[in-house]
Amino acid sequence: MPPYLVLARKYRPSTFRDVVGQDHVVRTLANSILSGRVAHAFLFCGVRGVGKTTVARILAKSLNCTGRVSGDANPCDECPSCRDIAAGVSLDVREIDGASNTSVDNIREINENIKYPPTSSLYKIIIIDEVHMISMNAFNALLKTLEEPPSHAKFIFATTEFHKVPATINSRCQRFNFRTISTIEIIRGMERILEQEGIPSEADALASVAREARGSFRDALSLLDQVIAAGTDRVSMENVVAVLGIAGRESFSHLMRAVFTGDPSEALTVVHSVFAQGYDPEQFYMDLLQYVRDLTVIKAIPGADSLQDMLDAAPTETEEMRALVADVSLGELQTLFAMMLKSEADLKRSLNPWIAMEMLALRMAQAPKVLEIGELLKRMDARGSPSGGQAARVPQKHARPAVAAIASRTAQNDSAPVKSPPPSPQKTWDDFRSAVHAEIADPTLQPLLDQATLLTMAEDVAEICFTKAVFRSTFDEKVLKSGALNELLRRYFPQAHIKTSSAAPSISPVRERTVEPIPDNAGTDWERALRNEALEHSVIKTILHEFQGSTVEEIKIISKS
């Protein structure tokens, strides 16, 4: 019985066209070969199993190939040079393990050997894998050769930790960053191999293997070998789950559906079911975190053509995941993701991580729903006032906490005319703004009111919501100072308790307070004008715009001259 050759070696790419997931590297190298502008030294950087050493061998074969077709950078794989390099017996191409050849003597041997011309090839090529492992003295010994190499010499270095390569070496090489391979590319690569092997497979099973490989095609093939070795005639999801000990993808969707519907009982049941099957809790947590991240990306970029390249999911799963988050806000997904990140340390420290995972699932299922205030106001504008003249109110579970709520005095003036509020709160607000513009000679009031919305209106309360805390505080000061403004508030909201609030999230809980007269020592009109001028400065406005939810806490006048 012939010895078995694992898939990672049997299907190791032998030409540039066979390389998976590194098109940017392959394209640049092929163009340099065809143009004759090939550097004397290359540095290939990337995580394990993404093709660094494989591409180095292909590059060496292509440079020394005698049967290469004109206009094609791929080696022929048939000439003596290609066969010798593939078999590892070429006298002109040496592949050295940097982890076991770390000394200065090893590098001196390379320096002496590289001086002599190749025996039967165009170039003498040195490939050093894991080059970051050689010592600093060895790097220094290599530096002179890299500075002034013989015309027949080529160096190809590969490393998983490029930051450990000295800058003096890095600067003398053409550096190529090998990226982690996407899930979809790994799936397609495995499909081609299984087709040649004549082994049927399930899409979900290959997607699970690809995700477990974490961007390494070599790791994916090693895992695939393990599943095939289970003895079945196909690669099925059942076999993948059993052999690799990973939770099925459906457990994530079931858990998140329970979270989105606020069903803690179902969420706990799903986690306990995964625990009963003997899966690793930390692995389940990491896979769930990736799943929530993918849901967030799908919600943030609906229908984008390049969306699949950003997901750790098979195309067959994308539509199911899109339906899962159809009624979930982006803010809610971000809140859940942040909650999971904060629980990672607790889960890893716990003596019983499954209990920590269960408690995390319960917190997620009971997390308050999040709705952006802008979306809330849009819904109110679209809906208008409910029938029957009732006030349009914000559901308590969706409302953001106000920074502050300030009520004006509601003492009635018998001589003031009292008007019944119109049925629509938005129309009442428009009428109020028009009256302010017509009756109060204060040019700063109208811009303030442009930054506000009548959020709630009823017989007992009317809440005016400003876009920024600074606009709210300025309006509150004017209410205290202007009798004309108070008169208009009593006219349009005769029985209501007037509150003002800000859409910005609160920094600390601030309870509602009644408007009190400003003390005489609170500052002169000139000082208040300076503060308002500072708030209106273009730099301050830009900062507040860029950092949503930020507020100006304090303004100090450092000079009165």
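Predicted model: local features only at pLDDT ≥ 70, side-chain atom pairs only at ≥ 80, totals over all residues.
1. Ground rules. Residues are numbered from 1 along each chain as its sequence is written, and side-chain values use heavy atoms, with hydrogens and water left out. Local features need pLDDT of at least 70, side-chain atom pairs count only at pLDDT 80 or more, and totals for chains, interfaces and linings use all residues.

2. Overall make-up. The protein has 24 helices and ten strands. These are DSSP runs numbered from the N terminus: helices are H or I with at least four residues, strands are E with at least two.

3. Five strands form an open sheet, ordered 2-3-4-1-5, with parallel pairing. Strands pair if DSSP finds at least two bridges between them. Strand 2 (93-97) and strand 5 (174-177) are the edges, each pairing on one side only.

4. One pair in detail. Strand 2 pairs with strand 3 (residues 124-129) in the parallel sense, over five bridges. D97 has D129 of strand 3 as its bridge partner.

5. A helix on the sheet. Helix 6 (residues 136-147) packs on the sheet and touches strand 1 and strand 4 (153-159). Contact means heavy atoms within 4.5 Å.

6. Residue L295. L295 lies in helix 14 (residues 281-300). L295 is buried, at a relative accessible area of 0%. Beyond neighbours within four places in sequence, L295 is in contact with M256, F260, M321, L324, V325 and L333. L330 is 35 residues from L295 in sequence, and 9.3 Å away in space, C-alpha to C-alpha.

Terms used:
Buried < 20%, exposed > 50% of the residue type's maximum accessible area, 1.4 Å probe, protein only. Axes fitted to C-alpha atoms, helices over the stretch in contact; angles between N-to-C directions.
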